[in-house]
Amino acid sequence: MAGDKPNSVVVTGAAGDLGTAVADSFLADGYRVYGGDVAPIRARPGLVASKLDVTEREQVFALARHAAAESALKIWVNVAGLFEAARVIEADPDVWHKVIAINLTGTFHGCAAALSVMAPAQGGRIVNVGSLSGQLGGLSVHPAYGASKAGVHALTKAYALEGAKHDVYCNAVAPGPIDGRMTAKFSPGTLDKIRAGIPGKRLATMDEVVHAIRYLADERAGHTTGAILQVNGGVLMTG
Ligand SMILES: NC(=O)c1ccc[n+]([C@@H]2O[C@H](COP(=O)([O-])OP(=O)(O)OC[C@H]3O[C@@H](n4cnc5c(N)ncnc54)[C@H](O)[C@@H]3O)[C@@H](O)[C@H]2O)c1
């Protein structure tokens, strides 16, 4: 607690698999969680849910102002995202614009909004959700997805550099495929190929990714900034 205000966290994409798990983790530790999503968010004690479209910059900034006015906003986690499986050769340009708008521009708005309230407060931690696809492109993935996540990795560094002037730290996790509804968009055959390519022959669990986010969100992560923490079962190693 800072003064009489509760410590708080903003989580975008809070209705999704990962957003729900991240929100629950912070709620269990007594944080007030401001959850935003275009989809309805399950109500629970300590959670302030709002309808939020991360592509709408003013909505994202309004959430930041609201959270910072009534709580001590310590952490901002940009989880909202859209994954589209596609044959690259048939990739639809309309889907391109949508994926870039949500994953990349939405994360840009989230970082900017977080910094706008954390800089005057002289401190805070931003965690973005990138992806293995941002490093690799990805098998059977719309090219916008990997491109958007590579952009998330780059903008994480831009906000880390700027944030350092204000004790605001910005990092990202880069998960490989996680067991959940997003990867259920792959065909069973593609999922088998993906699993076979991971040294441990399994997908990540939500909890493993939440733990990485919590590490980067913790003030004891201190000097760690601009990091892209890979949670991918070692898929990029060969041997
Ligand atoms: N699941 C995976 O395998 C995986 C792997 C790597 C990275 N990621 C990333 O993790 C994040 C969470 O994914 P998930 O597995 O929870 O997927 P999910 O589909 O369960 O959750 C995504 C959430 O984002 C919300 N969302 C979409 N558009 C939005 C918008 N314009 N404004 C606000 N919210 C919006 C959706 O409503 C949904 O609740 C995403 O950024 C995703 O790209 C997921």
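## The ligand and its shell

A residue counts as near a molecule or strand if one of its heavy atoms lies within 4 Å of it. By that rule there are 28 residues around the ligand, and Leu 18, Asp 37, Tyr 145, Ile 178 and Arg 181 come nearest. Before going on, please keep in mind that this is a predicted model, in which local features need pLDDT of at least 70, side-chain atom pairs count only at pLDDT 80 or more, and totals for chains, interfaces and linings use all residues. Residues are numbered from 1 along each chain as its sequence is written, and side-chain values use heavy atoms, with hydrogens and water left out.

Which backbone atoms lie at 3.0 Å or 2.9 Å from an oxygen or nitrogen atom of the ligand? A polar backbone atom of Gly 16 is 3.0 Å from a ligand oxygen, and a backbone N or O atom of Asp 17 lies 2.9 Å from an oxygen atom of the ligand. Val 54 has a backbone N or O atom 3.0 Å from a nitrogen atom of the ligand. The protein covers 92% of the 820 Å² of accessible area that the ligand has on its own (areas come from the Shrake-Rupley method with a 1.4 Å probe; for residues, only the protein chains shown count as cover).

## The pocket

The ligand sits in the largest pocket. On a 1 Å grid over the protein atoms alone, a pocket is an open set of points with protein on both sides within 12 Å along at least five of seven lines, whereas a cavity is a set where a 1.4 Å probe fits but cannot get out; lining residues have an atom within 4 Å of a point. A molecule sits in one of these if more than half of its atoms lie within 2 Å of its grid points.

Two or more residues of the shell around the ligand come from each of α1 (17–28) and α5 (143–163). Helices here are DSSP runs of H or I with at least four residues, strands are runs of E with at least two, and both are numbered from the N terminus.

## Around Val 54

Ala 80 is placed in the loop between β4 (72–78) and α3. Is Ala 80 buried or exposed? Ala 80 counts as buried because its relative accessible area is 15% (buried means under 20%, exposed over 50%, partly exposed in between, with a 1.4 Å probe and protein chains only). Not counting residues up to four places away in sequence, Ala 80 touches Thr 12, Gly 13, Val 54 and Ile 102, where contact means heavy atoms within 4.5 Å.

Ala 101 belongs to helix α3 (residues 93–118). Ala 101 is in contact with Thr 55 and Gly 106, leaving aside its neighbours within four places in sequence. Its relative accessibility is 25%, so Ala 101 counts as partly exposed.

Ser 131 lies in the loop between β5 (124–129) and α4 (133–136), and it counts as buried because its relative accessibility is 5%. The Ser 131 side chain reaches the backbone nitrogen of Ser 133 at 2.9 Å. This is a polar contact, meaning a pair of N or O atoms within 3.5 Å; within protein, one must be able to donate a hydrogen and the other to accept it, and residues adjacent in sequence count only if both atoms are side-chain atoms. Residues up to four places away aside, Ser 131 touches Tyr 145, Lys 149, His 153, Val 173, Ala 174 and Pro 175.

Ala 147 is found in helix α5. Ala 147 is in contact with Trp 96 and Ile 100, leaving aside neighbours within four places in sequence. Ala 147 is partly exposed, because its relative accessible area is 33%.

## Backbone angles to check

Most residues other than glycine have a negative phi. Asp 167, in the loop between α5 and β6 (168–175), has a positive phi of about 60° although it is not a glycine. Lys 201, in the loop between α6 and α7 (206–217), also has a positive phi of about 60° without being a glycine.

Thr 190 is in helix α6 (residues 188–196) and is buried, because its relative accessible area is 14%. Thr 190 touches Leu 139 and Ser 140, not counting residues up to four places away in sequence.
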